[in-house]
Amino acid sequence: MGETKNTSLDTVMTDFILLGLPHPSSLRTLLFLVFFIVYVLIQLGNLLILLTVWADPKLHARPMYILLAVLSFLDMWLSSVIVPRLILDFTPTSKAIPFGGCVAQLYFFHFLGSTQCFLYTLMAYDRYLAICRPLRYPVLMNGRLCTILVAGAWVAGSIHGSIQATLTFRLPYCGLNQVDYFFCDIPAVLRLACADTTINELVTFVDIGVVAASCFMLILLSYANIVHAILKIRTAGGRRRAFSTCGSHLTVVTVYYVPCIFIYLRPGSKSPLDGAVAVFYTVVTPFLNPLIYSLRNQEVKSAEETNSR
């Protein structure tokens, strides 16, 4: 247990103990290697996309690739907030995290995660305009407007992270300091609060669950219109390529949103599945994004091949 210091009223928490993901001790080394390799691949894959978009003037002048570069940047930082700490859980090192470190981790996770949530919605809207409104696309989505929308997503994400961190850590924490999770997230931390958490759970339900569900529905609506437009393509090959791309994008979006909705629309849940589900949007999605959004994109592949020569 972490150290505490006594006051006249209660015990004030100075650190938390992250219990990590439940796992057999025999698999500890294997899990360490798996998550370490995945983290390295996340960083390298997303860095490659960033450098490719930055180096090719044709790419970084187009809204689609501005959004893709921002997504890669978010993936690198979001995974860095969570995965290194997860990797340490498979080593003999201390599982303690300072109170301030827990606050920072929760803030940055929700700041970056909600910004990514909004960004996925913008990316789906951009694809909808490009495919369903191609003649008006240069007017409806240009570089300046794209930059403004991205800046708005960052501001909204920062506000969201601040609200969640403030509401979570305004509560008193005393007694047990063991967080039954692999990072400091709202549902797991609230279980340790020495006060009524009803308001926090309601805000979490509305601010995270409902917003995530709404963004997901907007994305599905965008892709429904895209599919309708694709069905009008005369050549079977064109329809097949378009469906393949849309299917890939929807797959990675689903892997991100569905686990989020599962976690945050069930306030007060103590399911042992929550930690395993959270791995999808904290580790799997940042790993898949470079594969889905770049390796299946002919323009990005062409630019990567050109820059490597």
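Biologist: Is the crossing of α3 and α6 left-handed or right-handed, and what decides the label?

Modeller: The crossing of α3 and α6 is right-handed. A crossing is given that label if the near helix is turned clockwise from the far one by less than a right angle, and is called left-handed if the turn is anticlockwise. The model is a predicted one, in which local features need pLDDT of at least 70 and side-chain atom pairs count only at pLDDT 80 or more, while totals for chains, interfaces and linings use all residues. Residues are numbered from 1 along each chain as its sequence is written, and side-chain values use heavy atoms, with hydrogens and water left out.

Biologist: Where are these two helices, and how do their axes meet?

Modeller: Helix α3 covers residues 63-88 and helix α6 covers residues 143-169; their axes come within 9 Å and cross at roughly 25°. Because of that angle, α3 counts as roughly parallel to α6. The cut-offs are under 35 degrees for roughly parallel, over 145 for roughly antiparallel and 65 to 115 for roughly perpendicular, with the rest oblique. The axes are lines fitted to C-alpha atoms, for helices over the stretch in contact, and the angles run from 0 to 180 degrees between N-to-C directions. Helices are DSSP runs of H or I with at least four residues, strands are runs of E with at least two, and both are numbered from the N terminus.

Biologist: Why is α3 called roughly antiparallel to α4?

Modeller: Helix α4 (residues 99-132) packs against α3 at an angle of about 155°, with the axes 10 Å apart. That angle makes the pair roughly antiparallel. The crossing of α3 and α4 is left-handed.

Biologist: What makes α6 and α8 roughly antiparallel?

Modeller: α6 and helix α8 (residues 198-230) pack at about 165°, with their axes 10 Å apart. The two are therefore roughly antiparallel to each other. α6 passes α8 in a left-handed crossing.

Biologist: How do you know that Asp 126 and Arg 127 form a salt bridge?

Modeller: Their side chains meet at 3.0 Å, N to O. A salt bridge needs a side-chain nitrogen of Lys or Arg within 4 Å of a carboxyl oxygen of Asp or Glu, so the pair qualifies. Side chains of opposite charge can pair when their charged atoms come close. A search of the whole structure finds 1 salt bridge.

Biologist: Why are Asp 126 and Arg 127 called buried?

Modeller: Buried means under 20% relative accessible area, exposed means over 50%, and partly exposed is in between (1.4 Å probe, protein chains only). Asp 126 has 1% and is buried; Arg 127, at 17%, is buried too.

Biologist: Is Val 81 buried or exposed?

Modeller: Val 81, in helix α3, is at 19% relative accessibility and therefore counts as buried.

Biologist: Why is Leu 149 called partly exposed?

Modeller: Leu 149, in helix α6, has 29% relative accessibility, which means partly exposed. From C-alpha to C-alpha, Leu 149 is 9.4 Å from Phe 118, which is 31 residues away in sequence.

Biologist: What makes Asp 180 partly exposed?

Modeller: Asp 180, in the loop between β5 and α7 (186-190), is at 48% relative accessibility, and therefore counts as partly exposed. Its C-alpha atom is 8.7 Å from that of Gly 275, 95 residues apart along the chain.

Biologist: Which residues form the nonpolar patch on the surface?

Modeller: Leu 33, Phe 36, Ile 37, Val 40, Leu 41 and Leu 44 form it, with about 520 Å² of accessible area together. Areas come from the Shrake-Rupley method with a 1.4 Å probe, and for residues only the protein chains shown count as cover. Patch members have over 30% relative accessible area and no salt bridge; nonpolar side chains (Val, Leu, Ile, Met, Phe, Trp, Tyr) are joined within 5 Å, and like charges within 9 Å. Leu 41, in helix α1 (residues 28-55), has 41% relative accessibility and so counts as partly exposed.
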